[in-house]
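Subject: Structure handover

Hello,

Here is the structure you asked about, with the sequence. My notes on it follow below.

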Amino acid sequence: MSGEQAEEPAGRTRHPAPLRPYLIAAVVLCALYFLYGYLRYSHFQSPSWDLGIFEQEVRAYAGFDAPVVDIKGPGYLILGDHFSPVVALLVPLYWIFPSAVALLFAQAALFAASAVVVGRTVQQILGGRAGLCATVAYGLSWGLQEAVKADFHEIAFAVPLLALVCRALLMERWRAVVLWSLPLVLVKEDLGVTVAVVGLLLALYGRRLQGFLLAAFGVFAFALTVLVLIPAASSAGTYDYWKKIEESGGQEVSLLDSVLGVLDSSVKLEMLVFLVGITAFMALRSPLVLLVLPTLGWRLLSQDSNHWGMVWHYSAILMPVVFLAMADGVRRSQGSKRPWLVSYANVAVPMAAAVAVALTQHLPLRELLRPETYRADARTHAAEEALDAIPVGARVETDITLMAHLTSDRTVYWVGGAPGTAPDVVAINLDFGWSRPIDDPVKYAQQLHPEARYRVTRVAGSFVVMERTTKEPGNG
């Protein structure tokens with residue numbers, strides 16, 4: 001125990017960290033993130049329906065309406081799914097540029113802003129060129145790159161907030177810790193647990209009253225959102241995501257089995273190794289790394305394999321935590337009485353930057369180095385032609401391919417998710433990856449909506465646009 005106490009941080013010197021280099025780095029990162037996201041959007045490569053969902057939510061807020069997201073079902077109140085009122089902050093930007101592209105830009109800017117916080121903090125703690133090395137390592141980290149590939153998500157707001165929380169902890173600015181933590185509960189419901197862990201860290205650092213109050217607030221906010229607010233907004237009256245832990249393939253899974261299975265997959269283990277490996281494992285020497293536990297907890301308990309690995313956006317909020325934990329771990333190690341540990345700590349940050357650059361050849365941003373990434377192929381032109389055939393203001397039922405391109409000025413439903421609505425247009429991509437091939441699009445549309453009749457108005461490549469030929473039910 002006494003040996004561990006001897007390895008405390010070596011001093012509290014604050015090194016100078018001019019803002020300008022980090023702002024330049026942030027502009028470059030923002031441009032890279034946005035360019036990648038925009039190219040995927042413009043080439044109709046959205047991986048999920050989420051971008052369309054979030055645009056419908058922001059569009060509703062921009063019109064001073066309740067956040068109804070028809071993609072999830074006609075009249076679906078999105079606060080009954082996830083509690084993320086923070087996305088209303090995007091309204092001013094959406095007023096200026098009412099498109100899903102505005103959301104992609106906002107996320108790129110938020111991620112880039114977090115790089116400024118991380119880089120300058122590392123510089124102030126460690127000095128030398130550590131800050132810029134950390135900015136490169138963080139900006140190219142797999143968690144952020146995969147989040148950019150996954151389009152916009154609400155966690156974009158949590159990334160800079162968590163960076164600011166960790167910075168305040170390392171700088172011993174206790175009031176700032178509390179103030180930056182509070183908004184996290186408005187980003188997503190599970191982050192209340194993360195706020196509670198921030199409170200426990202405050203208590204660990206000697207600020208017991210503030211820490212316990214913040215921890216209590218985090219637990220209360222989590223309980224309030226998942227037990228009261230979300231069920232109140234949900235048509236089912238429940239928080240649906242409990243099922244991710246309780247059910248697998250429609251079969252019930254006991255909590256004990258979920259706990260015993262937290263490390264039952266090589267995908268989970270790979271993610272955990274890479275999570276700390278990108279910090280040269282120095283994050284493990286800082287108490288800050290405890291902040292990853294709430295997010296890792298629900299992900300590893302989940303029966304949904306999408307939550308386990310290195311893809312999608314789920315690891316983005318962990319990136320500022322592990323990189324600032326790395327800085328703290330290096331600082332603590334530099335005060336060690338073990339020469340090998342001191343030597344290793346001195347090269348850990350450049351090593352992390354080298355690892356990030358090396359890994360990027362296997363990560364999304366590598367696509368920006370390929371000329372074909374910038375070319376619009378025949379599929380893109382066909383999708384654009386299909387879009388032109390869908391009238392502005394129409395009610396459209398469609399799949400993921402066209403969805404985020406329609407949500408700014410049409411009412412959009414998920415194909416098969418709006419029975420009884422008889423939408424004006426059904427537009428599908430025959431190559432979308434249906435469980436069964438669609439041989440007769442008109443027959444398929446009329447199976448979805450037996451109350452209506454449709455005819456084909458445009459065929460462009462694999463895209464088929466069909467228009468309703470009968471009157472809308474209830475209109476005579």
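Which residues does L169 touch, not counting residues up to four places away in sequence? They are W174, V177, L201, L202, Y205, L288 and L291. Please keep in mind throughout that this is a predicted model.

Nonpolar cores

L169 belongs to the largest nonpolar core, which has 114 residues. It is listed among the residues with the most contacts inside that core, together with F111, F152, L288, L291, M319 and F323. Helix α5 supplies the largest share of this core, 16 residues. Apart from it lies another core, of 23 residues, and I53, A386, A427 and V465 are among them.

Helix α3

I53 also sits in α3, where it is one of the buried residues. This helix covers residues 50-62, and its length can be checked. At 1.5 Å a residue, its 13 residues should span 18 Å; the end C-alpha atoms are 18 Å apart, so the two values agree.

Twelve of the 13 residues of α3 are buried, so the helix is largely enclosed by the rest of the structure. The buried residues include D50, E55, Q56 and E57 as well as L51, F54 and V58. As for what surrounds them, the buried residues pack against the helices α2 (19-42), α4 (91-96), α5 (100-126) and α19 (400-406), and against the strand β4 (411-414). Just after α3, F64 takes a positive phi of about 60°.

A106 in α5

Helix α5 also holds A106. Is A106 buried or exposed? Its relative accessible area is 7%, and the cut-off for buried is under 20%, so A106 counts as buried. Leaving aside neighbours within four places in sequence, A106 is in contact with L90 and L93. A106 and L93 are 13 residues apart in sequence, while their C-alpha atoms are 8.2 Å apart in space.

The largest pocket

The largest pocket has a volume of about 950 Å³. It is lined by 38 residues, of which H82, K188, Y241, K244 and H307 are the closest to its centre. The elements that give two or more residues to this lining are α3, α12 (243-246) and α15 (293-301). By type, the lining divides into 17 nonpolar, nine polar and twelve charged residues.

Regards

Definitions and conventions:
Residues are numbered from 1 along each chain as its sequence is written. This is a predicted model: local features need pLDDT of at least 70, side-chain atom pairs count only at pLDDT 80 or more; totals for chains, interfaces and linings use all residues. Side-chain values use heavy atoms; hydrogens and water are left out. Helices (H or I, at least four residues) and strands (E, at least two) are DSSP runs, numbered from the N terminus. The expected span of a helix is 1.5 Å times one less than its number of residues. Buried means under 20% relative accessible area, exposed over 50%, partly exposed in between (1.4 Å probe, protein chains only). Contact means heavy atoms within 4.5 Å. A nonpolar core is a set of buried Ala, Val, Leu, Ile, Met, Phe, Trp, Tyr and Cys residues joined through side-chain atoms within 4.5 Å. On a 1 Å grid over the protein atoms alone, a cavity is a set of points where a 1.4 Å probe fits but cannot get out, and a pocket is an open set with protein on both sides within 12 Å along at least five of seven lines; lining residues have an atom within 4 Å of a point. Grid points are joined across faces, edges and corners, and a volume is the space filled by probe spheres set on the points. Ala, Val, Leu, Ile, Met, Phe, Trp, Tyr, Cys and Pro count as nonpolar, Asp, Glu, Lys and Arg as charged, and the others, Gly among them, as polar.
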